[in-house]
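Biologist: Please walk me through the pockets. I want a close look, with the cut-offs spelled out.

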Amino acid sequence: MKKYELIAVDLDGTLVRSDQSISQRTLDALIRVQQQGVKVAVASGRPTFGTAHAADALRLDEFGGYVMSYNGGEIYDWRTKTRLHAQTLDERIMPYLYMCAKEHGMPIMTYIDKEVVSEVENNEYIRYSSMRNRMPIRKVNDFVAEVQGAGIVKCMIVGAPTLLPALEAEMQAALKGKAGVFRSEPFFLEIVPMGIDKAKGLSILLNKIGLKREELMAFGDGYNDIPMLQFAGMGVAMDNAADEIKKAADKVAPNNDDDGIAVFLEKEMRLPCV
């Protein structure tokens, strides 16, 4: 059987179940592969410290694993907490982002260190991001001033799903060639540096640790996982993924609520029973 040296796992809909927990069986399987010398990387669209609970549960600090957050915009060595790579937004576009949010009556937010930062605290979508990422909200008086020099990887404008599509189209046209603009949820409009995706991020990580893409196995379920699944030596889509995503993968694992990663690894990597 082919030897894989790095396993990249998406979080939501892949490693994490519908109730936001990680099953013990899946944890055990990923810890066992690390005990065999295989490295594990969490590869998520979440902010870095929004992945910390999963990285710690997987004991990436103990085994020398990695966190690739913001869809590849930031990469950390989780043992040393050293940032290996970062691609940040051009600060010159920040006043425009703020103006767009204000003109459309929607809050803008970002992540700085371990906090969600916004001028608005009592908003259901900002509270949802805070809850999901386990990061407290820090209310500020001047958003544009606050983000200067902070090395921002992602901003989000949040609002009603019926209103965001028009704003998305407007901002995509205005920021063409300067930043990527897309909805990650019906109520989240993300603004990120140009060219970010999980395949590019993993390519950077592989180069830094001296591995080839053929030695990479990747698990995912979302449209933002397609580049990663196509790039990896073995791309594995979860059964809960859309058909288009499954077609981009080499194989399909059971769904995230049925220990899909563990079932696949136990079979493909012949993990011993515990």
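Modeller: The second largest pocket has a volume of about 200 Å³. It is lined by 13 residues, and Glu-74, Arg-83, Tyr-111, Ile-112 and Asp-113 are the closest to its centre. Two strands, β4 (74-77) and β6 (108-112), each give two or more residues to this lining. By class, the lining of the second largest pocket holds eight nonpolar, two polar and three charged residues.

The model is predicted: local features need pLDDT of at least 70 and side-chain atom pairs 80 or more, while totals for chains, interfaces and linings use all residues. Numbering starts from 1 along each chain as its sequence is written, and side-chain values use heavy atoms, without hydrogens or water.

Now the terms. A pocket is an open set of points on a 1 Å grid over the protein atoms alone, where a 1.4 Å probe fits, with protein on both sides within 12 Å along at least five of seven lines; lining residues have an atom within 4 Å of a point. Volume is the space filled by probe spheres set on the points, joined across faces, edges and corners. Strands (E, at least two residues) and helices (H or I, at least four) are DSSP runs, numbered from the N terminus. Gly counts as polar.

Next, the largest pocket, with a volume of about 780 Å³. Its lining has 37 residues; the closest to the centre are Gly-45, Asn-71, Ser-184, Glu-190 and Asn-224. Helix α5 (124-133) and strands β10 (179-185) and β11 (188-193) give two or more residues to it. β10 gives the most, with five. The lining of the largest pocket has 13 nonpolar, 12 polar and 12 charged residues.
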